[in-house]
Amino acid sequence: MAGRRFIMNAGRTTKQGQQINIGKDHAAYRVIVSTLTMNPEDMRAVGIPPGSLVRVRSECGEAVFQCQEGKVPLGMIFVPYGPPTCRLMGQTTDGTGMPTSKGWEVEIEPIESEDTAQSAPVSKGTP
């Protein structure tokens, strides 16, 4: 099933800043960086219930996120920086030292919970 295309923006959240003392190996941090925020109208249009899992594909890779409703413009999604987001980034930095992380066009599709075992995040390209 082909997913619908959205513009994805990644960034740091205040919750990530609050978790800095706990560390990136803590379960709370993994939950933060594995949560995607989407406009409620877009979620309904694609058939994604709040709290369900979605597969996000970019031209560089794919990752699985838990989807939540939020104040995000129609046609756009937000994800916090973290290991799942890195699977979607390319290697090109345009001389900045960090890959582009704003305005990516990605495809999103809802996935069934039994698919998650088979949908371990995949990275395409050279590590």
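## Basis and overall fold

The model is predicted, with local features requiring pLDDT of at least 70 and side-chain atom pairs counting only at pLDDT 80 or more, while totals for chains, interfaces and linings use all residues. Residues are numbered from 1 along each chain as its sequence is written, and side-chain values use heavy atoms, with hydrogens and water left out.

The protein chain holds four helices and seven strands, taken as DSSP runs numbered from the N terminus (helices H or I, at least four residues; strands E, at least two). Along the sequence these elements follow the pattern β-α-α-β-α-β-β-β-α-β-β. Of the 127 residues, 40% are buried (under 20% relative accessible area, with exposed over 50% and partly exposed in between; 1.4 Å probe, protein chains only). Among contacts (heavy atoms within 4.5 Å) with a separation of 6 or more, 75% join residues 24 or more positions apart.

In soluble globular proteins, nonpolar side chains tend to be buried together.

Leaving out residues up to four places away in sequence, Ile108 touches a set of residues including Phe6, Leu36, Met38, Val54, Val56 and Ile77.

Glu62 is found in strand β4 and counts as buried because its relative accessibility is 13%. The Glu62 side chain makes a polar contact with the side chain of Arg57 at 3.1 Å, where a polar contact is a pair of N or O atoms within 3.5 Å; within protein, one must be able to donate a hydrogen and the other to accept it, and residues adjacent in sequence count only if both atoms are side-chain atoms.

Gly51, in the loop between α3 and β3, is partly exposed, with a relative accessible area of 38%. Apart from neighbours within four places in sequence, Gly51 is in contact with Gln66 and Cys67.

## The second largest pocket

The second largest pocket is lined by Thr13, Lys15, Val31, Ile32, Thr35, Thr37, Gln68, Val72, Phe78 and Pro80. On a 1 Å grid over the protein atoms alone, a pocket is an open set of points where a 1.4 Å probe fits, with protein on both sides within 12 Å along at least five of seven lines, and lining residues have an atom within 4 Å of a point. At least two lining residues each are supplied by α2 (27–33), β2 and β5.
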